[in-house]
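Student: I am new to this structure and would like a close look at one topic, its charged side chains. Could you please take me through them in one connected account?

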Amino acid sequence: MAKPRVLVLGGNFAGLGSAQEIRRFCGEAVDITVLDRKNYLLFVPNIPAEVFEGRDPSKSLRMDIPGALDGDHIDFVQGEVKAIDVEARRVDYVPSERAGAAPESMSYDYLVVALGNRLAFDRMEGFAEHGHSLTDLHYGNKLRRFLANDYKGGPVVIGSARFHQGDGAKGLQPWPGGSIPDAMAACEGPPVETMLSMATWLKTHGMGAPSKITVTTPAEMIAEDAGDKVVGQLLSIAGGMGFNYLNNTKDITRLSKDGIEFANGKSLPAELMIVFPDWRAHDFLRGLPISDSEGFIITDLLMRNPKYPNVFAAGDCAAVTVPKLGAIGHQQCTIVARQIAKDIGRMDAASADQKLQPVVYCIGDMGDNQAFYIRSNSWYGGPEQVLRMGHVHYLLKMQYKNLFFRNKGKMPDWGLDFSQLLGERLQPAA
């Protein structure tokens with residue numbers, strides 16, 4: 001009897017993690033293939049730390065996907081997904097190793113969609129000419145060169161465009177009385193991290209103080225997923241340091257050589273604008289019977305699509321992933337793997353049916369070997385909000401990356417518990 005075929009679309013954090021967890025819980029009882037347009041994983045969370053230290057992130061933040069999968073006997077195909085037919089259980093793709101390849105198809109018994117999203121810089125007027133970001137190697141290096149060669153010390157604006165979420169998580173309750181909330185920004189840990197790191201960079205280079213920086217948000221409150229208590233602490237600290245803060249911008253409408261304009265009618269002068277765009281679903285996901293109003297994949301809290309229970313999603317492409325945060329994707333990978341293991345008789349329902357209860361884990365570089373640490377579930381109806389700052393958290397962030405690369409993406413089950421111990425017990429609140 002042929003083994004069930006598991007096809008994982010995407011090879012970054014959620015895709016790699018899902019494939020590895022499926023192999024861990026299902027053993028050799030399934031065949032697994034990962035399909036991604038590129039053959040390396042990009043370790044996005046550490047791009048700011050590299051850039052503000054003047055280092056090229058492309059030299060240290062790429063991990064070979066085929067090499068990471070090889071030890072688990074997981075196949076890898078380098079190709080760009082073009083279409084998904086959930087009725088025929090088929091994915092159409094074009095091999096992407098070299099231009100000009102002919103379209104091909106791959107069938108599956110189980111499909112895990114972990115394709116992330118597309119960053120809508122192309123919808124932000126003036127970004128190509130005047131904007132900067134820290135979302136990938138290209139933009140990281142563009143900012144690094146600008147800081148080294150062109151920045152004259154003028155005003156700095158850091159903020160997010162509005163996120164268009166979709167309706168795929170409506171009605172889900174991760175905690176009694178809670179919900180998957182509506183977010184105005186896709187993820188605002190990066191703007192907070194960038195704000196603090198930029199201030200350290202200015203000080204180190206003798207180019208000014210935090211008062212030169214304005215951080216903006218389209219929402220009522222920046223980093224709202226961290227909880228009002230944590231954000232209140234952050235804003236109090238930032239205000240005391242001299243940072244400027246502008247909320248309720250609604251969206252970024254235009255960047256120019258003189259500054260940045262917002263949908264609420266306000267504008268700010270700026271020489272340097274570091275912005276984070278709307279995170280949109282891939283175009284080929286829109287209109288599918290597994291997708292919501294914005295093209296994100298609909299799932300329940302066991303990461304299954306309700307209409308097509310052999311289809312799963314993990315990471316940023318899942319409608320339930322709010323904010324678009326790697327730690328939540330990591331939680332989802334294990335849920336997906338346990339569900340498939342249950343289906344093939346390798347795990348009992350009591351062990352497998354542990355629903356998603358999202359937890360925001362965020363460690364952000366602040367420069368000067370310091371970092372902030374956030375753990376919170378209050379946005380979803382949970383009871384916890386924790387903020388810490390210090391050197392211990394910087395070491396946690398750097399060592400997590402080193403451990404991730406050394407173990408080819410496999411993180412121990414005790415990793416988050418150990419991080420919590422170090423981050424909260426050994427570094428108590430100030």
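**Charged side chains and their partners**

Tutor: The side chain of Arg375 makes a polar contact with the side chain of Glu384, at 2.9 Å (a pair of N or O atoms within 3.5 Å, where one must be able to donate a hydrogen and the other to accept it; residues adjacent in sequence count only if both atoms are side-chain atoms). The model is predicted, so local features need pLDDT of at least 70 and side-chain atom pairs count only at pLDDT 80 or more, while totals for chains, interfaces and linings use all residues. Residues are numbered from 1 along each chain as its sequence is written, and side-chain values use heavy atoms, without hydrogens and water.

Arg375 belongs to strand 20, residues 370–376 (strands are DSSP runs of E with at least two residues, helices runs of H or I with at least four, numbered from the N terminus). With a relative accessible area of 7%, Arg375 is buried (under 20%; exposed is over 50% and partly exposed in between, with a 1.4 Å probe and protein chains only).

Side chains of opposite charge can pair when their charged atoms come close. The structure holds 19 salt bridges (a side-chain nitrogen of Lys or Arg within 4 Å of a carboxyl oxygen of Asp or Glu). One of them joins Asp72 and Lys410, at 2.9 Å from N to O. Asp72 sits in the loop between helix 3 (65–70) and strand 5 (75–85), and Lys410 in the loop between helix 10 (391–406) and helix 11 (415–425), so this pair ties together parts that are 338 residues apart in sequence. Asp72 is buried at 12% relative accessibility, whereas Lys410 is partly exposed at 38%.

Arg55 and Glu50 also meet in a salt bridge, at 3.0 Å. Here Glu50 is buried, with a relative accessible area of 10%, and Arg55 is partly exposed, with 37%. Elsewhere, Asp278, Arg280, Arg286 and Glu294 are linked in a network of salt bridges.

Glu224 is buried yet has no salt bridge, and the nearest side chain of opposite charge, that of Arg162, is 9.8 Å away (Lys and Arg count as positive, Asp and Glu as negative; His and the chain ends are not counted). A polar atom of the Glu224 side chain does lie 3.4 Å from the backbone nitrogen of Met184.
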